[in-house]
Amino acid sequence: MPYKSTIKNITYSFADLKTLLAKATPLRSGDVLAGLAADTYIERVAAQTALADVPLKIFLEELVIPYETDEITMLIIDTHDANAFLPISHFTVGDLRDWLLCDEATTGILALLAAGLTPEMVAAVSKLMRNQDLITVAKKCSVITKFRNTIGLPGRLSTRLQPNHPTDDPRGVAASIIDGLLYGSGDAVIGINPATDNPSAVATLLYMIDDLRQKYEIPTQSCVLCHITTTLELMQRNIPVDLVFQSIGGTEKTNSSFGINLALLNEAHLCALELNRGTTGNNVMYFETGQGNALSANANEGVDQQTCEARAYAVARKFNPLLVNTVVGFIGPEYLFDGKQIIRAALEDHFCAKLLGLPMGCDICYTNHAEADQDDMDTLLTLLGVAGCNFIMGIPGADDIMLNYQSTSFHDALYIRKLLGLKPAPEFEAWLKKQGIADDGGNILPVANNHTLLLNSFE
Amino acid sequence: MKQPPTILKTNIAEDAWKPLKKFTNARIAIGRAGNAVPLAEDLQFRADHAQARDAVFAELNVEQLTAGLSQFNLPIIYLQSRAGNRQEYLKRPDKGRTLNDESIKKLTAEKKIDISFIIADGLSPRAVNLYTQPVLQYLLSMCNDARFSIAPICIVQQGRVAIGDETGMLLGASLSVVFIGERPGLSSPHSMGLYISYNPVIGLTDESRYCISNIHTHGGLSPQEAATQAFTLIQNAFDLKLSGVNAKKQRQLPKE
């Protein structure tokens with residue numbers, strides 16, 4: 001069934017729902033690359049106008065990727081909670097946008113609604129929203145998760161300490177970890193991207209962080225972000241794995257290109273739950289996503305990159321993750337061209353994930369071939385801080401010397417916490433005070449070279 | 001009249017863990033001005049970023065490359081992808097992976113040949129200007145000793161890795177080696193990569209290539225080391241008639 005709208009006596013027609021969603025998407029290079037973007041500015045507004053009138057119920061009938069050929073569509077439809085959906089089942093996409101912005105849409109009601117919303121519904125409504133709308137509604141969503149501390153409480157902002165090193169040298173990694181801890185970072189996770197997927201190198205890093213964590217009784221969790229099959233192998237060998245990491249996408253084919261499927265994720269999830277290493281809770285998964293990953297795997301199925309991204313959240317949601325992170329600007333300018341597109345995409349991803357009930361964080365980042373710089377990251381960091389983002393990255397000087405891109409620094413985290421009065425996870429906040437790293441107000445204190453974290457660390 | 005307050009210059013205290021810098025090139029122990037990065041550090045970061053940005057927009061120095069390659073006594077063919085300029089190159093990777101019509105006409109396979117070397121600017125043309133000739137010098141002499149036949153050297157502007165598949169295929173080469181500028185990082189703005197594909201044809205994906213990355217002279221892989229590694233992989237590819245992930249698996253099988 002074609003979708004239509006008329007603007008100034010000209011009628012625009014859109015063949016199907018996935019075309020309508022693509023054409024209604026704010027401009028980004030990846031949709032142009034895919035040949036899916038609106039041809040003109042007015043066609044984009046016409047698509048948004050038509051999309052506003054689409055009843056939400058249609059999204060349960062007209063599927064953007066067929067149920068029979070895609071296990072994520074299957075997951076979305078099979079786990080849709082009709083009861084949770086009932087209160088808004090008479091809405092159009094436009095009705096949902098207006099209602100979300102009203103005071104009646106409270107934190108409690110939004111949480112109840114999450115299971116009744118599909119990724120496509122949420123992607124659709126985000127396409128009708130301005131940046132301020134995305135911020136306003138995301139701020140009302142509360143998603144709290146636990147492993148050894150509590151992430152996502154109101155007034156808190158956590159950081160993933162990312163101490164990467166080009167050769168995975170344990171001493172080089174440890175130096176960056178100590179730097180981060182002494183700047184108050186690391187409560188979301190201490191998470192290393194390994195340079196190689198070699199199981200024994202990964203195990204060495206896992207033992208190193210685990211020793212450090214136990215020695216100093218740091219209330220946080222660790223993760224080496226290797227392929228899930230490697231993590232499975234390590235768990236079976238009783239290597240200390242806290243969180244299971246995996247990059248995920250929103251189509252079955254994207255996930256195949258990553259060498260994963262839902263059954264494999266499920267197997268790893270169950271295995272990690274069995275280890276029972278959490279103390280405050282048992283959210284054991286860490287997922288990373290990012291607009292454009294489906295197209296870059298030639299697996300977007302004619303669906304725009306933002307809708308594909310939202311569908312990845314259906315995958316994440318099934319496994320009650322501790323952390324979900326959109327690595328927004330890492331993919332490059334052919335998907336998100338400049339600071340403007342990166343900022344918009346990050347706010348969309350954060351909004352969509354939160355509305356679907358996920359503990360969303362953001363790697364506020366860019367590559368050197370994108371039209372972006374640290375000023376754009378400051379803008380995005382400030383917006384996400386205001387929007388109530390669960391966590392951001394903390395990297396020494398914002399410069400990842402292994403992955404060769406720029407993100408946010410430990411200093412950036414201190415900036416946003418101070419500016420907005422945000423604190424780390426409560427357990428970690430208490431630890432920072434106990435260690436003399438931060439004062440009662442959360443201000444970082446200078447430490448002497450005989451500080452306990454520095455003992456024997458210089459050899 | 002009220003006395004104005006005395007204001008002292010900010011003293012940026014050194015972080016006590018500065019000795020840890022010897023373990024990593026990461027920007028650790030950089031101190032704070034309030035919560036911010038001290039200005040001197042910030043300016044250093046800006047300079048590094050500027051260098052990386054300039055690297056992306058630099059151009060392949062075809063004249064200098066040609067002069068450097070003349071010692072090898074091989075014909076040189078000059079090619080161009082379908083991306084007309086850098087902006088298009090950045091937005092349309094598909095165009096950077098295919099040759100333009102004029103270039104296609106320049107390539108004809110008269111007979112089957114063993115190896116084709118394809119030099120493409122990629123995301124750091126300067127890296128290619130700097131390291132192509134030194135790597136080729138070592139690599140070509142090893143290939144000549146092993147009696148591999150060598151196709152004319154191709155220099156491709158606005159090219160991505162996969163353009164080597166089309167080029168190698170049109171040259172009738174059994175194997176292609178692409179020299180390409182890697183995405184610049186702050187600490188290594190001029191880094192080159194080598195991609196080796198056995199039986200290059202249009203449509204190959206990254207799993208079917210060997211890759212040697214991080215070739216540069218600032219703590220990276222030296223041209224000589226890169227050439228040695230590349231030659232080993234080339235021999236392997238000819239032995240197995242395969243390159244990339246599957247070849248790697250085959251090589252590992254006997255050990256397991």
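Reader: Why is A:Cys308 called buried?

Author: Happy to start there, and please keep in mind that this is a predicted model. A:Cys308 has a relative accessible area of 2%. Buried means under 20%, so A:Cys308 counts as buried.

Reader: How do you know that the count of disulfides over all chains is 0?

Author: A disulfide needs two cysteine sulfur atoms within 2.5 Å, and by this rule the count over all chains comes to 0. A:Cys308 is one example: the nearest cysteine sulfur, in A:Cys352, is 12 Å away, and A:Cys308 is in no disulfide.

Reader: Let's turn to the backbone. What makes the phi of A:Lys8 worth a remark?

Author: The phi of A:Lys8 is positive, at about 50 degrees, although this residue is not a glycine. A:Lys8 sits in the loop that links β1 (3-7) to β2 (10-14) in chain A.

B:Gln158 is another residue other than glycine with a positive phi, near 55 degrees. Its place is the chain B loop between β3 (153-157) and α7 (163-171).

Reader: Why is A:Leu420 called partly exposed?

Author: The relative accessibility of A:Leu420 is 33%.

Reader: What makes up the nonpolar patch on the surface?

Author: A:Leu420 belongs to it, together with A:Val386, A:Tyr415 and A:Leu419, and the accessible area of the four comes to about 310 Å². Helix α20 (residues 410-420) of chain A gives the most, with 3 residues.

Reader: Finally, why do the side chains of B:Arg53 and A:Glu371 count as a salt bridge?

Author: Their N to O distance is 3.0 Å. The cut-off is 4 Å, so the pair counts as a salt bridge. Between chain A and chain B the count is 2 salt bridges. The contact draws 47 residues from chain A and 39 residues from chain B, and about 3500 Å² is buried between the chains, with 59% of that given by carbon and sulfur atoms.

How values were computed: Residues are numbered from 1 along each chain as its sequence is written. Chains are lettered from A and ligands numbered from 1 in the order in which they are written. This is a predicted model: local features need pLDDT of at least 70, side-chain atom pairs count only at pLDDT 80 or more; totals for chains, interfaces and linings use all residues. Side-chain values use heavy atoms; hydrogens and water are left out. Patches are made of residues with over 30% relative accessible area and no salt bridge: like charges are joined within 9 Å, nonpolar side chains (Val, Leu, Ile, Met, Phe, Trp, Tyr) within 5 Å. Accessible areas come from the Shrake-Rupley method with a 1.4 Å probe; for residues, only the protein chains shown count as cover. Helices (H or I, at least four residues) and strands (E, at least two) are DSSP runs, numbered from the N terminus. Buried means under 20% relative accessible area, exposed over 50%, partly exposed in between (1.4 Å probe, protein chains only). Contact means heavy atoms within 4.5 Å. Buried area is the accessible area (1.4 Å probe) that two parts lose on being put together, summed over both.
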